[in-house]
Each structure stands twice: as structure tokens, then as C-alpha cells.
Amino acid sequence: MIVGASGRTHLVGRAARTALAALAAGSALVCAAGAHAASTPVAVNLSLTHYAKVTHLNAGDSVGINPPIVHVHVGDAIVFVNGDADAHHTATGLTNETHFGEPRWTQAVLKQFGGIGAQAWSSGDLAPGASSAPMVASTAGTFLYGCFFHYSTGMRGEIIVEP
Ligand SMILES: [Cu+2]
């Protein structure tokens, strides 16, 4: 009886290990699918001619950005696309801001650098029709950004990065 119980325990243990292995394999598949999804950047379109309507965001109004609020996860990338035919745009982070204040950008933001997170970042100067390099979201949180050229016009957006 003791042997039988032991054998049974062994089988249960073995079954549990098999189930764990199956779960692990399942997780691997989920991770692979997640990695694949993360490799496809989310597009945010910048266009004062197409998205002139003011949208009310948590942080203030927005003009010329679609979607004005975008939700992504850490590791996801965003590509900013200039949809205008005759205007240059940027998507430039407002570091550590919770409302659209007056950014203290310099022309350094006309070159692409950084990723979406707590540190300074910018898509760089996007010519008409141009797309930015993929900007990877590295930190969970809410990140505000705006256009270097049209910030005072209200060209601002919000990126919510979930863990
Ligand atoms: Cu602009």
C-alpha cells in the first residue's frame, strides 16, 4: 500500500511536471506572440490638415494628432508619421510633465534620439510624408509630447505606457 501510494505520488508528480512543461511551452508561445506584436510599431499620425479638431485630454487640448492618446505596453514601439504635404513636424517629449506647459526645447530635438520614457526623447524633424524611426516605450507611465514647430498651435499628444 505504501509502495502503491508512493507510485501514485510519483505519477501525480510526473503528471504535474508534464502539466508544468505544457504550461511553460504555452508561455513560450505567448511570449513569442507578444514579441511579434511588439515588433509591429503602433502608428501615430501627425497632420494639422487632417486632425484639426480639438480633443480634450487629461493634460489639455490636442490638435493635429491621431490618435491623440495612444496606449501601448513597455517594449512596444511607436512610429510617428507626418501626414501633411507641406509642414514639418516632430514628436518631442515633455520630460516629467503632467500637463501641457511651456516646453524648454532647443533645436537639438530636431534630431531623433531616445525612447518614450522618463528621459528626453524626440522623433526628430519629420519632413512631409516622412515616418520616424520606431520609438520604443521603455518605462511605464503617462508621457506627454508635442511638435517642436506647432506646439503653440496645440499640436500635442499623450502616450500611456502600461507595464
Ligand atoms: Cu508640427
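Two strands are taken to pair if DSSP finds at least two bridges between them. Strands (E, at least two residues) and helices (H or I, at least four residues) are themselves DSSP runs, numbered from the N terminus. With these terms in hand, an open sheet of four strands can be described, with the order β4-β1-β6-β8 and mixed pairing. Its edge strands are β4 (65–66) and β8 (135–136), each of which pairs on one side only.

The structure is a predicted model, in which local features need pLDDT of at least 70 and side-chain atom pairs count only at pLDDT 80 or more, while totals for chains, interfaces and linings use all residues. Residues are numbered from 1 along each chain as its sequence is written. The predictor's confidence in each residue, pLDDT, runs from 0 to 100. The protein averages 82 on this scale, and 76% of the residues score at least 70. Residues 1–37 have a pLDDT below 50, and this stretch has zero contacts in the model beyond near neighbours in sequence; two residues are in contact if their C-beta atoms, placed from the backbone, lie within 7 Å. Where pLDDT is low, the predicted coordinates should not be read in detail.

Among contacts between residues at least 6 apart in sequence, 64% join residues at least 24 apart. Of the 163 residues, 28% count as buried. A residue is buried if 20 or more other C-beta atoms lie within 10 Å of its own, exposed if 12 or fewer, and partly exposed in between, with C-beta atoms placed from the backbone.

Another strand, β10 (residues 156–162), is mostly covered, with five of its seven residues buried. Strand β5 (residues 69–73) runs parallel to β10 and is joined to it by five bridges, whereas β9 (residues 141–146) runs antiparallel to β10, with six bridges. I160 of β10 takes part in both pairings: I160 is the bridge partner of H71 and stands opposite T142.

A nonpolar core is a set of buried Ala, Val, Leu, Ile, Met, Phe, Trp, Tyr and Cys residues joined through C-beta atoms within 7 Å. The largest such core has 26 residues, and L46, I78, F80, I116 and I159 have the most contacts inside it. At least two residues of this core come from each of β1, β6, β9 and β10. Leaving aside residues up to four places away in sequence, I116 touches several residues, including I78, W121, F143, I159 and V161.

Most residues other than glycine have a negative phi, and most peptide bonds are trans. A cis peptide bond, with omega about -5 degrees, joins N66 and P67, and P67 is found in the loop between β4 and β5. N96, in the loop between β7 and β8, has a positive phi near 60 degrees. N96 counts as exposed because 11 other C-beta atoms lie within 10 Å. D86, in the loop between β6 and β7 (92–94), is also exposed, because 7 other C-beta atoms lie within 10 Å. D86 and G129 are 43 residues apart in sequence, and their C-alpha atoms are 8.9 Å apart in space.
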